[in-house]
Amino acid sequence: MSEFVKRAVVAGHAEFAAGLVSAVEQITGRGEALVAVQVRDLCGEDIQKLLRDTLRETGACVIFTDLQAGSCTMAARRVLRDLERGVLVAGVNLPMLLDFALSNNPDATEAARAAAEKGRASVSVHGVPA
Amino acid sequence: MTLVLNRIDDRLIHGQVVVGWGQPLDVAFIVLVDDAVAESDWEQELYRMGVPPEMEVRFHTAAAAALLLDGYRLETRPGILVTADIATMRALVAGGGVREVNVGGIHHRAGRVQHLRYVFLTPDEQRALRELSNLGAVVTAQDVPAARAVPLDELLAARESS
């Protein structure tokens, strides 16, 4: 039996979600709190079904997606509209997901909103000025 | 410039369209032709959300789009036209407004056979693509600009295992 309750679904292009979740697992050991879904080859309706089924089977109420314009984001918005609950965060990055995985907030949607701010603030640029 | 890509993609506006094609072609607008989306403010807002603010999105029914294509040809900026299915694109080809068709994504569904990684077709859809060609359109499959454009004959002959 897994120690961690599934708190979020991660979806994106190609192997993005699995890669991100594996990185969270390596860094925190809490990758089991996340479910990576792979949507390659699926039409929009099947992506919605996959997300809806995954949320129902895991009890998760948060979806992280990679790209604002991506088909996972489109599908997730439709699913959450139908469910009338949950949170979608589009534009996920590793710092964001680490913050979410490490959060002890029992409300996963609040943890997701806080993690989104963390992820937004985590981008920096270094190097010689142009 | 004008409509630089007429694409059949069941995901309509998504990453490959906005980023994959949109950025290298410097696309200024997307024409989304879909009867259901054209009637739904919620769906239109959903698609607009995924597009950068400098890129305009216009929504039309198939009937309305057929009447507007001449105007789009006069646009000085490059644009992409996208439909979710072959039948909608057929209406535009039959009206004489579209001469080149890009099959960008027709994904897995029951009854469809895989031809390319991103193209699955039923026998009826195979015939429908052939009909586009018979109507005078050049039909190729290509998901992203860096990929090879696969001619229709090769697309229909191809069979891939999932």
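## Conventions

As the model is predicted, local features need pLDDT of at least 70 and side-chain atom pairs count only at pLDDT 80 or more, while totals for chains, interfaces and linings use all residues. Residues are numbered from 1 along each chain as its sequence is written, with chains lettered from A in the order in which they are written.

## Helix α5 of chain B

Let's start with α5(B), which spans residues 86-94; helices are DSSP runs of H or I, at least four residues, and strands are runs of E, at least two, numbered from the N terminus. Its buried residues are B:Ile86, B:Met89, B:Arg90, B:Leu92 and B:Val93 (buried: 20 or more other C-beta atoms within 10 Å of the residue's own, all placed from the backbone). They lie on the same side of α5(B) because their arc around the axis is only 165°, taken from the directions from the helix axis to the C-beta atoms.

Just after the helix, B:Gly96 has a positive phi of about 85°.

## Packing of α4 and α5

The axes of α4(B) and α5(B) are 9 Å apart, at an angle of about 35° (lines fitted to C-alpha atoms over the stretch in contact, with angles from 0 to 180 degrees between N-to-C directions). B:Ala62, B:Ala65, B:Ala66 and B:Leu69 of α4(B) meet B:Thr88, B:Ala91 and B:Leu92 of α5(B); contact requires C-beta atoms, placed from the backbone, within 7 Å.

## Where the chains meet

Chain A brings 14 residues to the contact and chain B brings 15. On the chain A side, α2 (44-58) and α3 (71-83) each give two or more residues, and α3(A) gives the most, with four.

Key
A residue is buried if 20 or more other C-beta atoms lie within 10 Å of its own, exposed if 12 or fewer, and partly exposed in between; C-beta atoms are placed from the backbone. Two residues are in contact if their C-beta atoms, placed from the backbone, lie within 7 Å.
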